Amino acid sequence: MSGPESEGVRQPVFVEDAFTRWVYGRPFFGGLWLTLGGAWILLTMKASVKVVLHVGMQGVAGYLLPTLMVLLGLLILFSPEQRLFYSITGVLISMATWVTSNLGGFMVGLLLGVAGSVLTFGWLPDQGRRVSRRERHEQAERPSTGTGPGQPGPATDTAHAGMLPGTPQATQ
């Protein structure tokens, strides 16, 4: 809808509650997937703790690594400032469960842990809303502020006209 009739139409306002702000303020799905991957591996372990303690360190590592995955996933959720360290550690531990914990929980827990760690590593805080290609195209087609070929416009410095915004400029 464009034109004068669309000016009276009100756009819906999205009200965010506290939980939504909390979810979008951290790498929520990365931490969730890493936690679920560790929990899945723990659930697929068959041996009881008595047998594991009798077997030795290899058996203890089968429980220790998925427990660390759950802990790292929770740390990502509740302390996102250190997300890079947690995600790198999480992907290494997830890969180590291939050897120690039933092929990484039959590959399901391993893949969840690696995917969650990668999502966390790639998350960037404080980004603005992404503008779609259609919105960018519509903004480019809008008429400018009234400066045409025959109308005077704001004075521009021709020496800096080709520079990108944010590029340091020399003082004169």
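Modeller: Contact means heavy atoms within 4.5 Å. This is a predicted model, in which local features need pLDDT of at least 70 and side-chain atom pairs pLDDT 80 or more, while totals for chains, interfaces and linings use all residues. Residues are numbered from 1 along each chain as its sequence is written, and side-chain values use heavy atoms, without hydrogens and water.

Colleague: Is Thr97 buried or exposed?

Modeller: Buried means under 20% relative accessible area, exposed over 50%, and partly exposed in between (1.4 Å probe, protein chains only). Thr97 is buried, at 0%. Thr97 belongs to helix α5; helices are DSSP runs (H or I, at least four residues), numbered from the N terminus. Beyond four places in sequence, its contacts include Ile41, Met69 and Leu110.

Colleague: Which residues make up the largest nonpolar core?

Modeller: In soluble globular proteins, nonpolar side chains tend to be buried together. A nonpolar core is a set of buried Ala, Val, Leu, Ile, Met, Phe, Trp, Tyr and Cys residues joined through side-chain atoms within 4.5 Å. Here the largest one has eight residues: Leu34, Ile41, Leu65, Met69, Leu72, Ile76, Tyr86 and Ile93. Two or more come from each of α2 (28–44), α4 (57–78) and α5 (83–100), and α4 gives the most, four residues.
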